[in-house]
Amino acid sequence: MTTAPTFWQDPTLFQRNRLPGRAYFVPFAAADEIDYLDRERSSRVIALNGTWKFHLSPTVQETPTDFQQPAFDVAAWADIAVPGHWQLQGFGKPHYTNVQYPFPVDPPFVPTDNPTGCYRREFELSPEQLDDRVLTLRFEGVDSCFVVWVNGQEIGLSKGSRLPSEFDITAVAKAGTNTIAVQVIQWSDGTYMEDQDMWWLSGIFRDVYLLSRPKMHVRDVVVSTTFGDGYANASVEVAIEVANADPAGSVTAWLVRDGVPVAKKSTANTAPRAAITLSIDQPLLWTAETPHLYELRLTLADAAGMQSEIIPLRIGLREVKIENSQVKVNGRKVMFRGVNRHESHPERGRAVTLDDMRIDIELMKRHNINAVRTSHYPNDPRWYALCDEAGLWVMDECDLETHGFGYDEKTVSNPVHNPAFFAACVDRMERLVLRDRNVASVILWSLGNESGLGEAHRLMKAKAKQLDDRPVHYETDYTLTVTDIFSTMYAHPYRVGEIGRGEPVDHYGHPVKPEQYVDKPYLQCEYAHAMGNGPGALREYWDAFYTRDRVHGGFVWEWCDHGIAQKLPDGRTWYAYGGDFGEQPHDGNFVCDGLVFPDRTPSPGLRDLARVYAPVQFCDLDAAFSRFEIVNRYDFRDLSDVHLAASLWVDGEKTTDVAVDLPAVPPNEHRPVTVQMPALPSGGGACHLRLIAIDAVSGAVVGDTQFELRAPADLPAKPIESATAVKMSKRAGAIRIDADASQFDFDTIHAHLRSLTHAGRPLLLDGPRPSFWRAPTDNDRNIVSKWRAARLDLLQHRTVSCEATTANGVARITTQVRVAPPSAIDKHFDVSTEYAFTATSLRMTTQIEAHGDWPDQLPRIGLVQTLPPELTSVEWFGRGPDESYIDTQIGLPVGRYRVPRVEDLTTHYLKPQENGLRSDCTYVALRTALNGPGLLVTGSPRFGFTASRYTAEDLTAAMHPHELTPRPFITLHLDHRQNGIGSNSCGPGPLEPHRLTPGRWEFELCFTPLTAGDDALEVARAGS
């Protein structure tokens, strides 16, 4: 027995009565105030957003009978907001998977239990809105399959969730009250083509509106530009499709720049198409760096010269082509300093507003991002208008991903291999290109994402090329016969070098020869997986990207954590991820892999990316003689509009503004600059020069580099001596040391310090003790299994020896400790420590050596101790102000930093993990308040520290930040080394120079009490 065919399980039926695709634009009447982003300024637009009546059925078959009929009573139905997702409004629950489908893979069939939403609302039409008019109903996005009725009459059906659908309702609309009904089916054959890495969310999630237009109207517009004489002149060709044209009428095209007409032309309205060419001398070219836009206004007039409507467009004049194995815009190679972006809001999901989009654009521009991949579907059309306006390169991606099938060509049920789906795949690509081909910022089309390689892709590319000549991207094309771009995901920086040099490489298990790709541009459509703490090694990626002319950079995965906002009883917000709604199967917090948190707070990773993406970079030519090199990484702008602020910093404090004459460096060139440096102050102290490049137009920081002119001294630096003798008293299992105003209690059984008290105030509650474990980061997800297998989280200590002596006023305790995991044979760490107690401080010299078969990467090597909770104010001299790890610290300036609360050092990733490290420190001080009493720690070599209300074990165990309970003490980690971060949640692990490999380590730390008013830096310099 076979399943009966149904329209939601028929891939050949992807539309019924849907109008052909067209370019996105909004028609206006002559009297309207034109707004390119606010559709509702047009009198031709009748918005249908707002509150609808809603009923959710568990199956399609249980949809209320005749609910589409106006007489059907929906008064008892619930209210729902449109646009919106029903799962985020109390109907059903969100479900997250990455690769796997949430139901059996049996295309085109889907489960019988198939939630189906029924929407109803009424709207009013005046006689004027109907008189000699055409009424078009437009849905910008509905997930996943829907049928629409007006006044009880079926209008049509559509699939393709992230693409617009238009229907002609002229014949059924009436003056007065009208009823619209929509049936939205959650799972359909279309779902098999929409297996993107995101929440499964359903409903009418983009705007719905009516267009009331004269019968004679512009149905479609295609704008293209050709250039002559080295871009000294341009011809703008406008192809206009006119519905119900008046043969005696006309079409007029105006090209306007800053309110001033620069070209105008009319032509007879020859149905069904008209063509107008506008010529411009010395055109202002559009690029992401110089987003010059022209207004193109089309007016239709009848035989009497009466205007029927105005079609306003904003166009950018630019040329895109592949030449000499490079993507070139206006004849110049472009570099993509990009990100991938899902549409996402913590409360509304993919139902994003114009304000949401503006926030994302502003953040991207502020952090030196110049390119966006619309992963993995067409975005709201207004997004592209904002990219045109602000200046962002866009890779526009088709709504096609079949990741759950894998990449095996033998999987013939995969829609890209299944002929029954081919027309639907092509339909999605065609609608994308038709909608967005007038968008200046779109310079690459993408055939979709992670769908293997099938005949459908060849058909899709052919259709795209038939409609538009922009380059076509598809990363999974291991044959390199469909894509115009050689694209990879998460390739290691060394592999970027191999590809740049034209060496044989592997692509999805297929050997690729140089002759298959050396004529193609190369980019990484996804790299540097920004999940949780990270990503690492961004600088190394970009060093590799700039090594070869064919390499074009890449797009970080991804822009935003997709956590869904939830409220605790006390009103605090937390963010849910996969599994938090009880859904099975799920992929956990893999949906939280962005550079900004759900509320758009930038992560440390985004700020790190901004420094690496900065288009103005500085290099050291000869710092001793104040000579540096400025590098302009812009592709089109010189630096004439960039202001350079230079300053001298002594011991972490700014002392002098320094004069610099900044040359107008041409794009992609470099020039030497000489800084008029004052004499460095005598008497030692760290000295740094900081160069900050500021865009004089936007005010954004486009370059920020610090040069070390004189290094801070490693501390402690003085020999151990004590002017006042300390007293040592021994008792069973313990030693008491009295040193002036300080008292130390040492546990000789466990061979570590139990407490430090100064002037009656506790400063250390326990420790220091050897520390090897860190709470796994998301990017540790692959190495952590080795750490757990080695039982690095279960280490036990055995005291080998503990000896105490006094001489020359100094008390010394020397210990030998062996640290090993349970059930291990010949695998351990030997830890040798000398404690030297003077009248003013405790100095520790620690040696650690790994023995046996440990993993090739270790979490951390250092000491951990607990401090009283009132030591909450933190000051340090090292990198800051952000957290920094060995492969995320590039560009973070060394300086003197202070925070009033230890909580300010914590980064609350959506899944708790190692965070908050401040690296390259010469000292850290924790005090009761700014300049209050406390504890100073200095070290040699420079060290890293984390200070937190939580232990590493707390962070390891918790699944969400709100599950963490602050401890009644502060945990202070003092790290000699930590393993790098990398991006191995999906990409490469830490690069070899950033790995903490088993070996032998030695470091020295000094603990000194501070009294109120002490200057921590001066005490650190003085030593003990």
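**Starting from Asn 668**

A: Happy to! Asn 668 has a relative accessible area of 40%, so this residue counts as partly exposed. Please keep in mind that the model is predicted. Asn 668 sits in the loop that runs between β41 (653-658) and β42 (670-674). Its phi is near 55°, a positive value in a residue other than glycine.

Asp 920 is not a glycine either, yet it has a positive phi of about 55°. Its place is in a strand, β58 (residues 918-927). With a relative accessible area of 24%, Asp 920 is partly exposed.

A positive phi also turns up in a hairpin: Ser 626, in the turn, has one of about 60°. The hairpin is formed by β38 and β39, with four residues between them. Strands β38 (residues 616-622) and β39 (residues 627-632) run antiparallel and are joined by six bridges. Within this pairing, Phe 618 stands opposite Ile 630 of β39.

Staying with the backbone, there are cis peptide bonds to visit. One joins Gln 584 and Pro 585, with omega about -10°, and Pro 585 belongs to the loop between β37 (573-576) and α9 (604-613). Another joins Asp 143 and Ser 144, where omega is about 5°. Ser 144 lies in the loop between β8 (142-143) and β9 (145-150).

Turning to cysteines, the disulfide count comes to zero. Cys 145 is in no disulfide, as the nearest cysteine sulfur, that of Cys 118, is 13 Å away. Cys 145 has 0% relative accessibility and therefore counts as buried.

Now for the rings, where the count comes to 44 aromatic pairs. Take Tyr 101 and Phe 405: their ring centres are 5.5 Å apart and their planes meet at 75°, so this pair is edge-to-face. Tyr 101 lies in the loop between β5 (95-97) and β6 (116-125), and Phe 405 in the loop between β28 (393-397) and α4 (419-436), so the pair ties together parts 304 residues apart in sequence. Both Tyr 101 and Phe 405 are buried.

Arg 341 lies over the face of Trp 383, 3.7 Å from the ring centre. The charged end of Arg 633 sits over the ring of Tyr 546, at 3.7 Å from its centre.

Note on methods:
Residues numbered from 1 in each chain as written. Predicted model: local features only at pLDDT ≥ 70, side-chain atom pairs only at ≥ 80, totals over all residues. Heavy atoms only, no water. Disulfide = S-S within 2.5 Å. Buried < 20%, exposed > 50% of the residue type's maximum accessible area, 1.4 Å probe, protein only. Pairing = 2+ DSSP bridges. Helix = DSSP H or I, 4+ residues; strand = E, 2+ residues; numbered from the N terminus. Phe/Tyr/Trp six-rings, centres within 6.5 Å; stacked < 30°, edge-to-face > 60°. Lys NZ or Arg CZ within 6 Å of the ring centre and 35° of its normal.
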